Amino acid sequence: MEFVRPTTFADALAEKAARPQAVPILGGTDLMVGLNAGHPPPPALLDLTAVAELDAWAVDDDEVWIGAGVTYRRLITELGTLCPGLALAARTVGSPQIRNRATLAGNLGTASPGGDTHPVLLATGAVVEAASVRGQRAIPIDDFYAGVKRHALAPDELIRGVRLPIRRGPQQFAKVGTRNAMVIAVCSVAVALDVARRTVRVGVGSVAPTPRRALAAEDLASGLPWDGGPLDDDVARRFGAAVAAATAPIDDVRGTAAYRRHSVEVLARRTLAWALADLDRSEAWDGMTGRSEA
Amino acid sequence: MTTQAPSPVGSATPARTPGGIGESPARPDGTLKVTGQFAYSSDLWLDEALFGVTLRSPHARACITGIDIAKALAVPGVHAVLTHEDVPGLPYYGLDHPDQPVLAIDEVRYQGEPVAILAATDPHTARRALSLIEVTYDVLPPVTDARRAVFDPSIDRVHPDGNVVRHQPVRVGSADEVTADVVVVGEYEVGMQDQAFLGPESGLAVPAENGGVDLYIATQWLHVDRGQIARCLDLPEEKVRLTLAGVGGAFGAREDLSMQVHACMLALHTGKPVRMSYDRAESFLGHVHRHPAWLRYEHGATRDGKLVYVKATIVLDGGAYTSTTPAVVGNAASLGVGPYEVPHIAIDVYGARTNNPPCGAMRGFGAVQVCYAYESQMDALAAELGLSPVEIRIRNAVSQGSKLATGQVIDSPAPLADMLRRVASLPLPPSTVDSSGDLPGGYGNTTRGEGVRRGVGYGVGIKNICFSEGFDDYATARVRLAVVGGEPVVTVHTAAAEVGQGLVTLQQQIVRTELGVSTVLLQPADTTIGSAGSSSASRQSYMTGGAVKAACEAVRTRVAQRLGHSTVELVGGKVLAGDTIVDLAAAVGDEPIEETVVFRHRPTVPMDPVTGQGDSHVQLALCVHRAVVDVDVELGLVKVVELAAVQDVGRVMNRVALEGQIHGGSAQGLGLALMEEIQVVDGLVRNPSFTDYLIPTILDVPPMPLTILEHPDPHAPYGLRGAGEPPTLSSTPAIAAAVRAATGLRLRRVPIRPEHITHPT
Amino acid sequence: MRVTLTVNGEQRTADDVWPGESLLFTLRERLGLPGTKNACEQGECGSCTVLLDGLPVCACLVAAGQAQGRTVVTVEGIARYPGSIAARNERGADGAAPTAATADGSTLHPVQEAFVAAGAVQCGFCTPGLVVAVVDLLRTRPHPTDSEIREALAGNLCRCTGYEKILDAVHLAAQRLAAAGPDAS
């Protein structure tokens with residue numbers, strides 16, 4: 001087994017091209033668990049923590065770019081306003097020690113159905129920047145997840161970063177676990193409202209072989225109280241039911257399929273209601289870019 | 001005697017030596033532990049030491065048809081690969097009786113059963129080579145239903161000894177004939193809890209020049225380890241020397257052997273030191289758990305809430321081997337009605353053998369499972385009668401003079417009714433405001449108050465302290481008083497295992513109080529002195545504490561004799577002999593005084609095999625809990641808001657350490673109530689990790705206000721009462737009752753999972 | 001492979017490091033620093049918490065090679081090298097400057113003293129990780145509320161204490177640090 005430690009992203013891509021079986025490592029919070037447990041090691045570890053250009057984020061009028069090496073800690077402390085859904089999800093990840101190391105790109109590379117940030121990336125319409133010596137391509141998040149712990153990256157590709165459209169409305173995230181802290185999701189839900197377009201996107205986690213959107217629930221957007229006022233109980237119920245209907249959960253040690261279907265429905269209703277309540281807080285959603293130093 | 005008679009130093013009564021009993025001096029190992037210098041059993045290391053690993057069965061039940069070690073042995077760096085054929089002596093071990101193979105012989109009876117062991121130069125090599133051992137199995141269908149194992153005569157025998165390890169009935173009065181105004185019946189289940197100590201099973205075995213072995217080990221009872229190891233190694237006990245290494249928690253899981261014999265075998269075979277250290281997954285497979293239980297209870301009472309009878313059938317799943325199942329059965333039977341006066345009793349407790357993971361000791365030891373069930377029954381009875389949960393308990397509470405189910409009279413204070421009134425009168429916590437994880441769901445951001453209901457519940461438990469049922473239990477202590485640099489210094493030597501509970505501190509406190517000497521050194525616990533018994537059953541303050549106290553008294557008598565008195569007082573480094581006061585250092589001079597004492601508690605008797613009657617317990621201890629919970633009834637998520645306890649401890653020896661025991665025990669009960677379960681399907685453990693075996697985090701454990709009462713037990717040293725286990729009993733039913741109060745559900749199983757609340761059956 | 005890093009203020013080199021091994025393994029097995037504890041090796045217990053470039057992390061989840069050139073502070077060094085603001089703000093900064101750790105010149109950090117004094121130590125296996133995590137907490141929040149303490153320590157499991165005495169110890173340490181003045185840590 002080799003340990004490869006490039007200091008520039010170009011070098012990293014060259015290394016990955018030369019060793020397609022090399023496994024990239026950032027926070028190591030998933031990969032090292034397996035190595036510590038004696039799982040068969042890959043032929044090489046490609047350590048990206050010395051690639052300074054990945055440990056950065058930037059924002060322009062259209063989108064927020066988050067480098068592959070940005071930790072959850074930074075998502076929480078630095079991107080809470082620009083990317084509130086991501087920050088909410090990041091806050092539920094593991095422990096402070098994990099959040100000091102783990103990254104969005106790591107979550108994507110592992111592509112676990114229970115990864116905490118996937119529902120938010122789905123709900124916000126994120127784009128994964130995949131790069132290789134052949135060039136760079138943008139993978140819409142809807143096309144990224146290919147199966148349980150499988151994704152759309154080619155063997156020679158690395159994740160350079162993630163692009164999130166500037167938010168156009170409130171975002172919410174909630175996660176059920178069987179402990180109050182430091183727990184893997186039994187189910188999770190993210191909702192993101194686009195106030196100008198009057199649309200809602202919903203992502204769910206831990207309730208199907210891959211994270212996925214709840215398209216039928218998104219179709220109910222026109223019935224939401226965009227101009228203020230309370231969320232109609234019947235609409236909320238139909239929204240929750242549509243989210244639950246989008247799932248294909250299993251029984252496992254963390255929860256039953258029936259419980260997952262039920263709890264994701266409850267979370268969907270609640271997060272939608274919270275997001276709509278945030279609408280009333282008279283923020284200027286359409287004009288905001290939230291530009292800040294990066 | 002060559003010492004000159006010391007001259008008097010005055011007549012003013014000297015100041016008491018600080019740090020004695022009743023105070024809370026700092027732990028003597030505290031500085032080492034906060035600086036990372038304390039040597040736990042997984043930290044031990046010697047040059048040239050090999051690393052030992054264990055190959056375990058992946059099957060719950062299978063015949064072994066072949067083991068090929070050739071490829072593993074050929075790996076460079078591998079020094080030994082051993083199987084059952086290499087066990088030098090008795091190939092079995094066990095605390096109650098030896099039925100557990102050191103290494104599997106022809107058949108494996110549980111997943112994780114050790115099959116082969118291997119030593120190599122380093123952990124990586126060892127683990128890689130281990131995977132090259134080829135074992136062929138003929139897989140058999142496992143026996144996994146404990147009730148069928150006991151009651152279904154058609155089911156396979158797990159072991160030649162049969163599937164019932166022990167059946168203990170209790171019969172009082174005529175429970176099958178009497179009738180009652182009100183009857184409640186309930187079936188309950190308790191899941192398989194794990195001790196989940198943080199320090200993994202580990203140790204270092206070093207071959208000795210005399211053909212024996214030195215083992216540095218984290219255990220609860222050095223001498224009973226040694227006896228088992230010596231028999232398996234076919235060595236005389238004196239050639240097996242054990243020294244206690246740092247213990248990273250125990251809670252019962254270190255009563256049985258784990259890697260002890262294996263490490264010694266590898267060390268003796270290779271002639272090199274061998275260290276072993278389990279990883280977390282292996283630890284979950286490598287020690288016994290708390291017995292899962294199925295319990296059916298029927299309680300009959302009068303209209304005014306007085307219990308008439310209790311009938312119960314209880315099956316405890318002991319898994320593949322005996323371990324301590326017989327004693328666990330005895331506790332469940334003798335304490336099966338709880339701390340209540342019941343005129344008619346019919347209880348049958350069965351310890352089953354199955355192909356599930358072996359179960360044995362865990363804090364509370366058989367009293368935990370029944371406590372959850374009988375307390376659930378008391379709440380059901382209260383509801384049926386329209387009484388409050390506190391009132392029904394007060395109306396039936398035992399007190400001094402009451403009889404237990406065994407007929408044993410409680411002959412020391414048992415102020416249960418007072419304890420219940422106290423806990424019920426504590427102020428209730430305010431409702432929770434949504435801030436930083438305080439609502440159910442914690443940091444998951446699952447509610448802003450939607451679906452949240454508050455509930456309050458009570459639980460009461462009674463636990464036997466010390467070993468019961470006629471066990472010849474004793475503890476040995478050696479106390480040596482010498483003068484070093486002109487100052488008196490006491491050295492204490494016992495074999496008692498400090499597992500975190502603070503016994504080291506207590507020993508120093510006792511010496512300071514009894515001998516008035518402030519400098520108290522503790523020799524490492526080892527087998528060069530007699531047994532101290534086990535650090536379990538909440539017994540070490542009583543037993544090793546009693547032994548150290550008695551040894552101090554013997555030393556004090558020797559001091560008195562030197563000065564020509566029959567008794568003296570030793571205070572603040574001085575000897576008070578009649579009207580004169582002399583320096584203790586002068587009295588001791590250059591002739592140290594050393595006394596070794598064996599301390600025994602009062603004898604107990606076995607339970608009658610037919611009626612369960614007999615004075616089987618040494619001491620009994622009570623704890624009462626009130627739990628306040630918030631439940632998100634739509635998501636089934638629970639946040640314990642407060643967990644208040646009232647406990648009678650006889651005498652407070654060290655308040656800070658005592659509170660730590662009650663807090664810790666309560667938190668483990670919380671874990672059993674809400675999240676902790678080894679999930680076993682078809683005999684296979686599904687969650688052997690801290691990712692999926694969840695123990696409470698700091699966010700899950702609420703404030704735990706304590707009311708500590710001191711009603712001395714006249715039979716016990718200082719009047720103390722063992723305190724570590726009782727809170728583990730009562731916190732579980734209190735929390736379950738609180739969740740019931742919040743949800744209106746019956747909740748007949750712990751741990752309560754979210755789906756039990758959202759999808760009740 | 002060879003890994004060179006700064007541990008507790010000293011440059012240390014570990015040879016024959018297996019590329020897949022954890023920083024925890026390297027510290028314990030190759031650098032003679034067993035104070036950092038090995039309780040789960042999957043980032044679920046916090047017993048192996050160390051400061052890596054000034055931030056608390058689980059040493060079991062850091063590949064040893066990732067620590068090349070970095071600065072690590074373990075429980076063995078926390079009293080003398082309680083971390084470095086410079087290291088925190090500027091990744092890869094070497095040589096956390098020794099700071100006056102204790103007011104009285106003893107070898108314990110006030111957090112360590114408070115853990116002993118408050119009864120927050122029982123078996124002690126979680127203690128090294130907790131001490132490191134609490135030193136970090138009090139650097140950023142000198143007077144934390146119970147909620148803040150719980151959030152900061154949610155990744156450190158303790159099986160013995162039920163956490164009450166740990167909360168007491170953090171408050172006590174905060175008081176002692178405040179009393180000792182701004183240079184204490």
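A crossing is left-handed if the near helix is turned anticlockwise from the far one by less than a right angle, and right-handed if clockwise. Helices (H or I, at least four residues) and strands (E, at least two) are DSSP runs, numbered from the N terminus. The model is predicted: local features need pLDDT of at least 70 and side-chain atom pairs count only at pLDDT 80 or more, whereas totals for chains, interfaces and linings use all residues. Residues are numbered from 1 along each chain as its sequence is written, while chains are lettered from A and ligands numbered from 1 in the order in which they are written.

**Exercise 1.** Determine how α12(B) and α13(B) cross, and which residues meet.

Solution. Take the axes as lines fitted to C-alpha atoms, for helices over the stretch in contact, with angles from 0 to 180 degrees between N-to-C directions. The axes of α12 (residues 503-515) and α13 (residues 540-562) of chain B come within 9 Å and cross at roughly 30°. The two helices α12(B) and α13(B) are therefore roughly parallel, since angles under 35 degrees count as roughly parallel, over 145 as roughly antiparallel, 65 to 115 as roughly perpendicular and the rest as oblique. The crossing of α12(B) and α13(B) is right-handed.

Next, list contacts, which require C-beta atoms, placed from the backbone, to lie within 7 Å. Residues of α12(B) including B:Leu506, B:Ile510 and B:Glu514 meet residues of α13(B), among them B:Thr544, B:Val548 and B:Arg556. The residues of this contact between α12(B) and α13(B) comprise eight nonpolar, five polar and four charged. For these classes, Ala, Val, Leu, Ile, Met, Phe, Trp, Tyr, Cys and Pro count as nonpolar, Asp, Glu, Lys and Arg as charged, and the others, Gly among them, as polar.

**Exercise 2.** Treat the pair α9(B) and α10(B) in the manner of the previous exercise.

Solution. Helices α9 (residues 367-385) and α10 (residues 389-396) of chain B have axes 8 Å apart and pack at about 110°. That angle makes α9(B) roughly perpendicular to α10(B). From α9(B), B:Met378, B:Asp379, B:Leu381, B:Ala382 and B:Leu385 meet B:Pro389, B:Ile392 and B:Arg393 of α10(B). Six nonpolar, no polar and two charged residues form the contact of α9(B) with α10(B).

**Exercise 3.** Why does the radius of gyration of chain A agree with that of a compact globule?

Solution. The radius is taken over C-alpha atoms, and the globule rule is 2.2 Å times the number of residues to the power 0.38. For 294 residues the rule gives a value near 19 Å, and chain A has 19 Å, so the two agree. The C-alpha atoms of chain A fill a box of roughly 60 × 45 × 30 Å along the principal axes. Chain A contains ten helices and 14 strands.

**Exercise 4.** Which elements of chain A and of chain C supply the sides that touch chain B?

Solution. Begin with chain A, of which 29 residues are in contact with 31 residues of chain B. The most come from α10(A), with eight residues.

Turn to chain C, where 44 residues are in contact with 48 residues of chain B. Two or more residues are given by each of α3 (110-117), α4 (127-140), α5 (146-152) and α6 (164-180) of chain C. The most come from α3(C), with four residues. By class, this side of chain C has 22 nonpolar, 14 polar and eight charged residues.

How values were computed
Contact = placed C-beta atoms within 7 Å.
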